[in-house]
Amino acid sequence: MICLGIETSCDETALALWRQGRIVDAVLASQADLHAIFGGVVPEMASREHLRFIGPLFDELLARNDLAPQAIDLIAVTRGPGLLGSLLVGAAFAKALALALNIPIIGVNHLHAHLLACGLKNEIPFPCLGLVVSGGHTELYRMQSPREMIRLGRTLDDAAGEVFDKFGQAVGLPYPAGRMLDELGREASHADQPLPRPYLDNDNLDFSFSGLKTAAIARARALGLLCGANRAALAPLARSLNEAAAHALCAKVERALARNADLRGLCLAGGVAANSFIRQTLQDAMRARRLPFLAPDIPLCADNAAMIAHAGALLAQAGLRHGLEFEAIPRGRPIPDDAVCQRGFA
Ligand code: KG4
Ligand code: ZN
């Protein structure tokens with residue numbers, strides 16, 4: 001079975017080919033440089049760029065693999081959460097292809113796909129805990145199966161990635177600043193004074209990161225680092241920020257595992273899962289519990305279509321399909337579990 005994955009939920013137009021459990025090839029057009037000019041993603045520009053790139057990327061992917069469109073057996077497309085205009089470009093392209101080729105289509109939850117990408121290299125030990133950390137989301141899941149993911153907690157305000165991006169903007173780093181702040185933190189010989197580990201003194205599995213963002217920016221102001229600090233001056237504070245974010249995430253992971261003794265491991269995914277402090281802290285915590293820690297390779301942490309193709313293929317193998325009427329769902333609205341069961345693919 002060959003599955004074409006399509007991802008257009010934010011500012012990356014991405015397509016990938018999945019064949020018998022492996023990613024064969026992938027193409028991607030990033031709009032990061034364009035949106036960096038504005039310090040964040042401009043939704044209308046993102047939709048237009050997806051529209052411009054999606055056709056040529058599809059042609060390139062097929063030509064590169066010497067495939068005719070008729071060789072594709074299944075289309076998997078991100079249906080949400082994301083920017084509605086961006087999602088609609090991918091969904092319309094995917095539906096048109098499915099109709100023209102008379103092949104099945106499956107709409108994929110972008111956050112579930114991030115987590116399922118952990119299974120591209122190693123088998124996911126269901127049931128396990130899933131932590132998605134990205135620029136728009138910070139959520140904890142009980143991963144029961146590829147289809148059944150039960151949300152245990154979420155951020156009440158900023159996502160972990162927003163803390164990095166907005167702090168970065170305040171100190172004059174280009175958007176998105178997460179990777180650079182990770183590198184700066186690694187360069188530091190010591191950490192600045194500890195920043196608060198927010199929202200731990202409670203009894204739930206939710207997160208809150210706005211207090212950490214405010215505290216980090218206030219500390220930068222006190223140190224005279226706002227707008228254009230040099231690397232060496234910024235590095236200790238970057239390290240404190242990385243450490244605080246990692247510990248805040250780890251505390252809720254520990255709490256979720258303590259409350260759910262049947263969970264057999266941890267999947268960490270999303271753009272911020274590339275963060276070396278967060279990876280190390282969570283890996284150490286799982287080692288202490290003698291449970292497996294799974295995270296995608298760094299390039300597969302950020303938005304990509306390989307994870308969409310993989311998640312879609314898993315759902316199709318479980319017999320699930322969508323009709324062409326399925327909706328794209330913007331961020332903030334729950335994604336319905338409305339795929340229908342219809343056996344067919346082995
Ligand atoms: O999953 P993703 O590619 O897009 C969203 O769906 O949001 O995540 C992008 C986020 C940005 O906030 C970016 O700053 C952050 O991931 N990021 C990092 C690192 N690499 C990317 N944050 C911290 N450390 C990193 N190494
Ligand atoms: Zn994402």
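Student: Which residues touch the most other members of the largest nonpolar core?
Tutor: Of its 49 residues, Leu-131, Phe-167, Leu-181, Leu-241, Leu-268 and Leu-282 do. A nonpolar core here is a set of buried Ala, Val, Leu, Ile, Met, Phe, Trp, Tyr and Cys residues joined through side-chain atoms within 4.5 Å, where buried means under 20% relative accessible area, exposed over 50% and partly exposed in between, with a 1.4 Å probe and protein chains only. This is a predicted model, in which local features need pLDDT of at least 70 and side-chain atom pairs count only at pLDDT 80 or more, while totals for chains, interfaces and linings use all residues. Side-chain values use heavy atoms, without hydrogens and water, and residues are numbered from 1 along each chain as its sequence is written.

Student: And which element gives the largest share of that core?
Tutor: Helix H8 (231-259), with 13 residues; helices (H or I, at least four residues) and strands (E, at least two) are DSSP runs numbered from the N terminus. Among the others that each supply at least two residues are strand E6 (128-133), helix H5 (160-170) and helix H9 (276-288).

Student: How do H8 and H9 pack?
Tutor: Their axes, lines fitted to C-alpha atoms over the stretch in contact, lie 8 Å apart at an angle of about 35°, on a scale from 0 to 180 degrees between N-to-C directions. Residues of H8 including Leu-249, Cys-250 and Val-253 meet residues of H9 including Ile-278, Leu-282 and Ala-285, contact meaning heavy atoms within 4.5 Å.

Student: What about H5, is it enclosed or open?
Tutor: Nine of the 11 residues of H5 are buried, so this helix is largely enclosed by the rest of the structure. Phe-164, Asp-165 and Phe-167 are among those buried residues, and their cover includes E6, strand E7 (138-143), H6, H7 and H8. Just after H5, Gly-172 takes a positive phi of about 85°.

Student: Switching to strands, which ones does E6 pair with, and in what sense?
Tutor: E6 pairs with E7 in the antiparallel sense over six bridges and with E9 in the parallel sense over four bridges, a pair requiring that DSSP finds at least two bridges between the strands. A hairpin through four residues joins E6 to E7.

Student: What stands opposite Val-132 on each side?
Tutor: Val-132 stands opposite Glu-139 in E7 and opposite Ala-269 in E9.

Note on methods:
Chains are lettered from A and ligands numbered from 1 in the order in which they are written.
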